[in-house]
Amino acid sequence: MGNQHLEIPELALVVLIGSSGAGKSTFAATHFKATEVLSSDRCRALVSDEESNLDATDDAFEVLHVILEKRLKRGLLTVIDATNVKPFARRSLVTMARKYHVLPVAIVLDLPEKVCRARNAARRDRNFGDHVITHQRRDLKRSLKRLGKEGFRIIHTLRSPEEVDAFEIERRPVWSDRRDERGPFDIIGDVHGCCTELEELLERLGYTWVASAEGREAHDSTYSKVWSHPEGRRAVFVGDLIDRGPRSLEALDLARQMVAAGSALCVPGNHEDKFRKYLMGRKVTLRHGLEKTVAELEALPENVRGDYRDAVRGFIESLVSHVVLDDGNLVVAHAGLKEEMHGRASGKVRSFALYGDTDGALDELGLPVRRDWAADYKGEATVVYGHTPVPQAQWLNRTINIDTGCVFGGELTALRYPERELVSVAAQRVYAEPIRPIAENARAGDVALLSAQHHADQVLDLEDFSGRMRIETALQRSITIDEGQSAAALEVISRFAVHPKWLVYLPPTMSPTETSRREGYLESPEEAFAFYRKHGVEKVVCEEKHMGSRAIVVLCRDEDAVRERFGLSDVGLGTIYTRTGRAFFQDVEREQGLLSRVHNALSASGFWEDFETDWVCLDTELMPWSVKAQSLLESQYARVGAAGQASLSAAERALAQASERGIHVDALLARTGERAAMVASYREAYRQYCWPVEHLDDIRLAPFHIMATEGRTYFERSNLWHMEQIATYLTGSGGASMHPTRYRVVELQDEEQVREAIAWWDAMTAEGGEGMVIKPFDFISRDGRGRVVQPALKCRGREYLRIIYGPEYTTPAYLELLRKRGVGKKRSLAWREFALGLEALERFVRREPLRRVHECVFGVLALESEAVDPRL
Amino acid sequence: MLLTISTTHQPATDLGYLLYKHPERAQSFDVASGKVHVFYPEASEERCTAAMLLEVDPVRLVRGNEGAHGEGWTLRQYVNDRPYVASSFVSVALGVVFRSAMAGQCKERPELATKAIDLRVELSAVPCPGDGAMIARLFEPLGYQVEATRLPLDPAFPAWGGSPCFAVTLTATMPLSQMLGHLYVLLPVLDGEKHYWVGDAEVDKLLRYGQGWLEPHPERELIARRYLKFRGLTKDALKALREDDDAPADDARIDDATVSESTEPHVTLQSRRMDAVASAIVASGATRVLDLGCGEGQLMERLRDYAQFEKFVGVDVSYRELERAARRLRLEGWPDVQDQRVVLMQGSLLYRDRRLAEFDAAALVEVIEHLDPPRLATLEEMVFRHMRPRTLVVTTPNREYNSVWESLPAGGRRHDDHRFEWTREQFQGWGDGLAERFGYEVRYRGIGDEVEGVGAPTQMGVFTRGEEVGRG
């Protein structure tokens, strides 16, 4: 006897059926990985320590089902090693397979009873009588005929030990799995017999044709051209090639020829499905345009009609409900497909893919009620579909409906992938009237005002932003947000943040240098230079650090851009928010006034044209500090200064008086004098950063990064580039309120340049400056091992630090204690926040759903709740 | 922090005997917070001044904080006025260096210890909330003449106004020990902050040092409350103080934590508001109720006694509030609440939350005014479109009524975090618009005593979903 082959899909639920002693476990071990096999004996042992403890059967199966469910949900082939001879035992397994759209496979080990008995007798742990096997075999015999009805799609029976030994299993991909096809593709919407427009579209997409070798003589095609793309692009038809339009059979045959030639893929539409039923001779009502296709068929010469019918029917039957392409990144299905159905196979998957998310209910026009599955779609894969004609193709949550109603006088649309460009040709005329006006199929009813995505983005789901979160970023594989952190972020965002649609970026925290070795100093630039040198950075940009408040500016060229790009209206031209996402100004007039100054500067310098954009996101520092921190200044900084000054000068006076009359208090007097001087320096330090703001002219904005504009970010540019562009477009011409940032590029190998940079810092901080920020020359810089290095280190002035560490921090004993600070935690945080902030903008410029952008800024805020020494 | 005590009692240098500190020597003592120095800037027969200089050691201050607060680091702890102001540190120092004097003992001049002598105390920086009147309210009833001058916040910025600290001079004729006792208790009372954990022992201390003068003091409740800071202890202390006074301690009136943030006469109105909302919800016939923005759970506490309710869920965005609510509702072991009937969960009204759909009734008590107007629109969508309760009760302050409260500056809001406060017309315009858009009917009423022309302090709107209106 030759070897028996059984082909099963890579994703299947394999149910072994056989009595005790039939050799199921050995069979499973031979053909499957240990982790793929769920054995009832093993589960019995797990819950009771005994494999054959029948008391434990119920608990054991509960465990088995839980594991099975998790595996099927995750898309893993699973084998059930249990007797499975009773229908009820199999029913729950088939139900589970259906729930997760996994193909149920039955492999029956129907071995002679004496073989089973002999094997059992040889096993010491089986102490039940032979009658058990007899009963099990009786149940098995009864079961054999019912398996198909029970829902098993592949059934294979093995009847002897020899058959078992010679048996082989081959796994094949699920039919819909075409992940190794990576395109590029041109996905074409519902054609509905508009073959003329289809040809025009193919030409527009760069396809060319040759005459078919077989042509009409072969009696199986009405169409004689074979189209293909010279660069190997492939067309993907979303189905509904036929019905309603004038050239249905030719359209269908055009696609058929391309599929046969390998220049196209095709998924079936509901119209093909109905045509197939007609071709099979089933009773179908000839309506919704099928009557036209059938008429075309009837018009074929009688001698070719039969062959043609068979060929077409064969083609339609060969079509798989949907295709998963490009490593799983692209899914094409006629009516779309929910994420959990991608690459799965079941009646439900097919029905969803062909007919959409319906439950059989009809609306007042007799059309099936379709739920808007795409509105809830959160999958990673792009889903392209058709089925419901819409006025224009619009992205929503990484899905797009490209049925733009050609047959109803609209357009035939193709989506170029991966370019994601839409190419359309207009219908030559109206071939049919839709039952429901196409405009009513548009989402949300206000397409003209707000895109479908912006409309859907009005709602963010709490479940996406609570509990433990894992956020994938381009810079770091994944960043974990724990439950407490997300709870904290939820509160901050809900209570204080600007509208989430504005919140496209949050800046990272910044680490200081390691503690300086300089006597009396906590920070100085030497450590920053050493750090970057150590991490393989050869060149840095030193930027003056302004002491104000971090401000993110999001600004649009006009209100149309606000609506089109941010999905907001009547909110002015943009917003300015703080590093925690809070509106910088309570006073809207002041905010819009400052924004219009930025706008003027950008417009005057030709920024919008040069950057080909109508919006921009800038990272800036806004001065004076007192604009945002006034209440903090009054309630804390000034208060401490006032009390310190009063107390220490009173003490000095009293001590001086005592000293004059010869009491020995000189050391104390001197010390008190020093302390008074430190408090005076402290007051001087914060005063530098405060001035009254009565007018916009009193506000200064110092931008330092151009984060993003339409369609792109600027993270691959150097920090020098950022400084230069900002000087050119914003601060160079001395626009009102625009404040330049002094900077210098330092080659770290050049000792002279390093010395000069340190001297520069000394001079700036001596004048009361906050200090400087040292950044690697490249915005994103990697060390020798390819890891991203700290994007910036701050180095703060000795006097400035009094505001942070307290007026008297320079007292030697205190300073000694402070020097023990560690910056590791802060740096890890800065790095993760940097990755998240950049990711937010990358997603935003890719026009991803707001949920995906919000996830990242939410993550930054969540990380901010980590307990890190706030003085760093 | 410098404190000086002067006397012109003749011979003035007897002050040295009273304080057990020699006028011709400077002495230093270690205390937990640093060092205390005692010296005499002047010491003549006519006039003698003793100075106590407390040098708070910032290193110890930070270390202490790290121990006590652990994770709760804020910059406030590093840029800190503690080394410079009269606070509980000063009281502790007084207790250490002038222990015998405080106890009224004096070996050399026993008669002087109990004798009223003229005394003058100068304090360089005394923190005091408000306009500083509390200093006089505390010391004048004890027989002091009080002179308090507010320190400017920063002479470089006159516009910033005054700081919360005062230079204070107290003059009185009384025994020294009495004066030290007053300072010991009242300096932390003025400051309102304790550097150490307030435990039961503090009640004894207060009673010991307050003996004889605290009981008849007209501000004794304020003193007890601010000295002890914690409500539970305050009750004990007040009870001990007024054995002869039958009035029960009014728990609610003692809450001064809210006074600084909220100017609303808090308790009675809050309670009436909760009653009004609860009865509207009871009347709706609801069995499943949502309290959106449940805060400390006051509404839930009222509703839980009605058997009518099968389930009520309190939602708040603040984890801390939920913990308070869990304590108030005694949901032990929260958040693993076993009791399915009363559930607290963190949630935000600005996100869609599928857990909150399909409730009969929902309450939004004093919530909407905490949202910036653009985000209020999101809340409307979430509540009216996605949660869609049959009945919705909304309350918010009536701005017109603010003119009735004298403590509220004109145009001011009742709470720091209020983003707006509406007139009745504004609120009803908002409510009518929503009712129209989402198919509800709405009725309005005031909560609290109405005042001619301005209405009641709180306004309430009860929304009923369209299809329910006919049934009622």
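This is a predicted model: local features need pLDDT of at least 70, side-chain atom pairs count only at pLDDT 80 or more; totals for chains, interfaces and linings use all residues.
Residues are numbered from 1 along each chain as its sequence is written, and chains are lettered from A and ligands numbered from 1 in the order in which they are written.

Me: Why is A:His192 called buried?
Reply: A residue is buried if 20 or more other C-beta atoms, placed from the backbone, lie within 10 Å of its own, exposed if 12 or fewer, and partly exposed in between. A:His192 has 34 C-beta neighbours inside 10 Å, so it counts as buried. A:His192 is in the loop between strand 9 and helix 9 (195-204) of chain A, and its phi is near 50°, a positive value in a residue other than glycine.

Me: What makes A:His387 buried?
Reply: A:His387 has 24 other C-beta atoms within 10 Å, and therefore it is buried. A:His387 is placed in the loop between strand 18 (382-385) and strand 19 (395-396) of chain A. The phi of A:His387 is positive, about 85°, although the residue is not a glycine.

Me: Is A:Arg712 buried, exposed or partly exposed, and how do you know that?
Reply: With 15 other C-beta atoms within 10 Å, A:Arg712 is partly exposed. A:Arg712 belongs to strand 31 (residues 712-713) of chain A; helices (H or I, at least four residues) and strands (E, at least two) are DSSP runs, numbered from the N terminus. From C-alpha to C-alpha, A:Arg712 and A:Thr613 are 9.5 Å apart in space, and they are 99 residues apart in sequence.

Me: How do you know that helix 2 and helix 3 of chain A are roughly perpendicular?
Reply: Helix 2 (residues 40-48) and helix 3 (residues 57-73) of chain A pack at an angle of about 110°, with their axes 8 Å apart. Axes are lines fitted to C-alpha atoms, for helices over the stretch in contact, and angles run from 0 to 180 degrees between N-to-C directions. Angles under 35 degrees count as roughly parallel, over 145 as roughly antiparallel, 65 to 115 as roughly perpendicular and the rest as oblique. Helix 2 and helix 3 of chain A are therefore roughly perpendicular to each other.

Me: Which residues make the contact of these two helices?
Reply: Among them are A:Cys43 and A:Leu46 of helix 2 of chain A, and A:Phe61 and A:Leu64 of helix 3 of chain A. Two residues are in contact if their C-beta atoms, placed from the backbone, lie within 7 Å. By class, the contact has seven nonpolar, two polar and two charged residues. Ala, Val, Leu, Ile, Met, Phe, Trp, Tyr, Cys and Pro count as nonpolar, Asp, Glu, Lys and Arg as charged, and the others, Gly among them, as polar.

Me: What makes the reach of helix 22 of chain A close to that expected?
Reply: The expected span of a helix is 1.5 Å times one less than its number of residues. Helix 22 (residues 666-687) of chain A has 22 residues and reaches 32 Å from its first C-alpha to its last, close to the 32 Å expected.

Me: Why is helix 28 of chain A called largely enclosed?
Reply: Of its 15 residues, 13 are buried, so helix 28 of chain A is largely enclosed by the rest of the structure.
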